[in-house]
Each structure stands twice: as structure tokens, then as C-alpha cells.
Amino acid sequence: MVVDDHPVVRDGVALLLRGEPSLSVVGSAESGRTALDRARELRPDLVLLDLRLPDMLAPEVVVGLREVCPGARVVVFTAHGDHHGIRAALDAGAHGCLVKDAAATDLVAALRAVLRGERVVDPRMVPAADAAASALERTGLTRREYEVLRLAAQGRTNPEIAEATGLTRNTVKTYLQSALHKLGARNRVEAIGKASEAGLL
């Protein structure tokens, strides 16, 4: 199943896989919520998931997919080889990460490898994942604090962050205050700026 908000990407993947007898596109979705509904119905073996969807963060979709369709392998598909969301998606349980400009043969080989149980990450993404990890170490932020701060950077309110992460509002507030303290910031805006300078956002 292909999840991407751009029809040209969804159609392009279907076209690329048309000649592959072992791989067929059973369905597609243009948003995270639609993906979760369709996965429940279609039970795909593999989900190719765009990193940037209009309604949900990729890590949220990965977690949701693992709940509604535990047998599905999830591969994050992105045009941004340096996006720190890649690490978050892999931490959430994605089985692989590919850049959208991958050649057809590379894409097919990678998808087959994931279906065999391997974890596949495009080599161009490894430095980004390492950079995000080292930036976390430098700032002292925990993964949870980083995740809450990342959602805040997208303009989400504390109640929205609580809903997206499954945390209580008080816990979200505590994580944000802790992140502010560690970054030496007086408010959200300053914290987001400092996290950005540190290479986290």
C-alpha cells in the first residue's frame, strides 16, 4: 500500500511495480488517517509511507499501522534525505527508509529485502540519523522531550501534543519545561530556535 499526499507519487510507484510479479499495489491513501483505515481493510504486507503527510506525523502513522495491521512492514519514503523525522520514524518501528529518487531497481530490491525481514536504510540518510542522535546527546534532551518539542515547533498546542503522543497534558507541560531548561530557553519560541540551531529541527 502506498501512502502519499501527491497523486503523481502514488501513481508512479504503481507504475514502477507493475512489471514485478512478486509485488503489487493493493491500495493507496493520501493521508495518515486514511492509511490507518485502509490498512485495517486491506491488510497489506508492506506500506510505503511518505515522511510528510498533511494530517499526521510519520512516527504516529507507523505506531498506528503497527496496531491495526501488526504483520505489515513499514518503509518510510521521503524526498528529504536529511530530515530528522527519519530517525523518529525508525524509532517508532519503521522497517526501512528510502529516498524518493531511488532508481526502480533499487526500490524493488529494497522492498523485497524488507519483506524478507531485513531493515533497509538509504545510505544517504545515515548521516542525518547520526547527526540527530549526536545533537540529542549534546543538548541532553531525551527522545520524549525532543518529540514533544518537535510537535510544539509545528505549532501544536499542549492538548494537541497530548493527544498525538498519548501523554497527559501535565506530562507534556513537564517535558516542555524540562526541554526549555536544558536548552537554556525562557519560552517555547526561544527553545524552538535553540533546538533548530543545534540541528534538531
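## Two helices side by side: α2 and α3

Let's start with a helix pair: α2 and α3 pack with their axes 9 Å apart, at an angle of about 15°. That angle is under 35 degrees, so α2 and α3 count as roughly parallel to each other. The crossing of α2 past α3 is right-handed. On the α2 side, the contact is made by Gly32, Ala35, Leu36, Ala39 and Arg40, and on the α3 side by Val61, Gly64, Leu65 and Val68. Sorted by class, this contact has six nonpolar, two polar and one charged residues. All of this comes from a predicted model.

The spacing in such a list makes sense in general terms: with 3.6 residues a turn in an α-helix, residues three or four places apart point the same way.

## What else surrounds α2

Helix α2 covers residues 32-42, and its buried residues are Gly32, Thr34, Ala35, Leu36 and Ala39. What covers them? The cover includes α3 (58-68), along with the strands β1 (2-3) and β2. Gly32, Ala35, Leu36 and Ala39 turn up again in the contact with α3.

Now for another helix pair. The axes of α7 and α9 (residues 169-183) cross at roughly 95° and come within 9 Å. The 65 to 115 degree range counts as roughly perpendicular, so that is the label for α7 and α9. From α7, the residues involved are Arg144, Glu145, Val148, Leu149 and Ala152. They meet Val172, Tyr175, Leu176, Ser178, Ala179, Lys182 and Leu183 of α9. By class, the α7 contact with α9 has eight nonpolar, one polar and three charged residues.

## Salt bridges across the chain

How many salt bridges does the structure hold? There are eleven. One of them joins the side chains of Arg112 and Glu20, at 2.6 Å from N to O. This pair ties together distant parts of the chain, 92 residues apart: Arg112 sits in helix α5 (residues 104-115), while Glu20 is in the loop between α1 (7-17) and β2 (28-29). Arg112 has 34% relative accessibility, so it counts as partly exposed.

Buried or exposed, or something in between, for Arg143? Its relative accessibility is 38%, so Arg143 is partly exposed. Asp91 is partly exposed as well, with a relative accessible area of 41%.

## A local pair and a network

Glu118 and Arg116 also form a salt bridge through their side chains, at 3.1 Å from N to O. Glu118 is partly exposed at 39% relative accessible area, whereas Arg116, at 59%, is exposed. The cut-off for exposed is over 50%, so the two partners get separate labels.

Then there's a network of salt bridges, which links Asp4, Asp50 and Lys100.

Back in helix α4, have a look at Ile86. With 1% relative accessibility, Ile86 counts as buried. Ile86 and Pro59 are 27 residues apart in sequence, and their C-alpha atoms are 8.6 Å apart in space.

Terms used:
Residues numbered from 1 in each chain as written. Predicted model: local features only at pLDDT ≥ 70, side-chain atom pairs only at ≥ 80, totals over all residues. Heavy atoms only, no water. Salt bridge = Lys/Arg side-chain N within 4 Å of Asp/Glu carboxyl O. Helix = DSSP H or I, 4+ residues; strand = E, 2+ residues; numbered from the N terminus. Buried < 20%, exposed > 50% of the residue type's maximum accessible area, 1.4 Å probe, protein only. Contact = heavy atoms within 4.5 Å. Axes fitted to C-alpha atoms, helices over the stretch in contact; angles between N-to-C directions. Parallel < 35°, antiparallel > 145°, perpendicular 65-115°, else oblique. Left-handed = near helix turned anticlockwise from the far one by under 90°. Nonpolar A, V, L, I, M, F, W, Y, C, P; charged D, E, K, R; others polar.
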